[in-house]
Amino acid sequence: MDCPYGHRFSKTRYGTICPHCGFDLDTPEKVYVNLRKECGLSLREERPVCAWLVCIEGARKGKSYVISFGENFIGTDRDNEIQVLGDEKMLGKFTLIFFDKETKEANLIPARADGIVYMDNKPVYNKYVLKNKDILEIGDSKFIYVDFLTECKKYLNDFEYEDTDNEDKERLTQKEKRYRKLKKEKLTEEEKYRDKRLGKNLSMDEEKPIYAWLVCIEGKRQGRSYNITEGKNYIGSHDTMSIQVLGDEEIRDKKHAVIAYDERNLRGTLLGEESMGFVRLNEAATYTSKDLKEGDILEIGKSKFFYFDFAKEYHQW
């Protein structure tokens, strides 16, 4: 087996991770898209982003976790919607956040799980509706709650995720059942990261902390949020792209678009001159560098992405 950087290795011995450079050929995007295709399901995100929990202190500092509609159990169990490893005080099912699809509210429901969550140094035992920028102490870690849907509606008042599954419900249920079974057979992203870091005797801190997100609001990968980190973020369909987007046939393999995030001035910039594909920013074709602000819409291929800044508005590393 060959990795994208030219290293040859044995899949039988090393699996999908190159022993020379550590590159994992099973990228999260590729695993998701291939599984969905194998089961005959649409490629839109199964858990569309409604909000995020970002670890700002603790074992997974710098890591962002997606909160979606319905139940979001938090803890070490691998079947949790939000699996957090590395925190010795984290329980299997520490707490639950339920995101109500009708009210668009995130409800912290401590009674449904085993841990005690603290806010402002006080334990929370009763149901609590989370507000943007709330800080939650879970185990030995601190997380900030970032509300996407509420903030998004300030710019796109009528935005709603589309429901495009029109096939027979019984057939769809069988496909989703097979998908969940196959998914359980694979390591989770969190487990892969733990094995990678601990295998090198490194801490579980996120290697590339979150600075901003691109959220696909229209296109094949609707509902998926892509992390923007410090430095240059290359967008394309190739495995080596820092933001890999699959399913949209009009997105080039390498450097269709390039976004740089400047950690000194806390600013994201679309680098038009370095982008190899056609990109529109707020409906205007872009060929030069343009600073990005929250609420900007980028059209890449046939997809549209919402730019959401984290570091400037919420937390500085």
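**View 1. Val 117, a buried residue in strand E7 of a predicted model.** Val 117 has a relative accessible area of 0%, so this one counts as buried (buried is under 20% relative accessible area, exposed is over 50% and partly exposed is in between, with a 1.4 Å probe and protein chains only). Strand E7 covers residues 117–119, and Val 117 sits in that strand; helices (H or I, at least four residues) and strands (E, at least two) are DSSP runs numbered from the N terminus. What does Val 117 touch once its neighbours within four places in sequence are set aside? The list is Phe 94, Thr 95, Leu 108, Lys 122, Pro 123, Val 124, Leu 136, Glu 137 and Ile 138, where contact means heavy atoms within 4.5 Å. Residues are numbered from 1 along each chain as its sequence is written, and side-chain values use heavy atoms, with hydrogens and water left out.

**View 2. Where domain 1 meets domain 2.** The protein splits into domain 1 (28–45 + 162–199), domain 2 (49–148) and domain 3 (210–309), with bounds that come from an automatic or database domain assignment. Domain 1 puts 8 residues into its contact with domain 2, and domain 2 puts in 7 residues. Taken over C-alpha atoms, the centres of domain 1 and domain 2 are 23 Å apart. About 670 Å² is buried between domain 1 and domain 2, and carbon and sulfur atoms give 38% of that; buried area here is the accessible area (1.4 Å probe) that two parts lose on being put together, summed over both.

View 3. Which element gives the most to the side of domain 1 that touches domain 2? That would be helix H5 (residues 189–199), with 4 residues. By class, this side of domain 1 has 2 nonpolar, 1 polar and 5 charged residues; Ala, Val, Leu, Ile, Met, Phe, Trp, Tyr, Cys and Pro count as nonpolar, Asp, Glu, Lys and Arg as charged, and the others, Gly among them, as polar.

View 4. Glu 191 forms a salt bridge with Arg 78, with 2.8 Å between the closest N and O atoms. Glu 191 belongs to helix H5 and Arg 78 to the loop between E3 and E4, so this pair ties together parts 113 residues apart in sequence. Glu 191 is buried, at 8% relative accessible area, whereas Arg 78 is partly exposed at 38%. Asp 77 has a salt bridge with Lys 93, where the closest N and O atoms are 3.2 Å apart. Asp 77 is in the loop between strand E3 (70–75) and strand E4 (82–83), and Lys 93 is in the loop between E4 and strand E5 (95–99), so parts 16 residues apart in sequence are tied together. Asp 77 is partly exposed at 30%, and Lys 93 is partly exposed at 21%.

**View 5. The salt bridge of Lys 232 and Glu 274.** The Lys 232 and Glu 274 side chains meet at 2.8 Å, N to O, in a salt bridge. Lys 232 is in strand E14 (residues 231–236) and Glu 274 in the loop between strand E17 (267–271) and strand E18 (279–281), so the link joins distant parts of the chain, 42 residues apart.

Terms used. Predicted model: local features only at pLDDT ≥ 70, side-chain atom pairs only at ≥ 80, totals over all residues. Salt bridge = Lys/Arg side-chain N within 4 Å of Asp/Glu carboxyl O.
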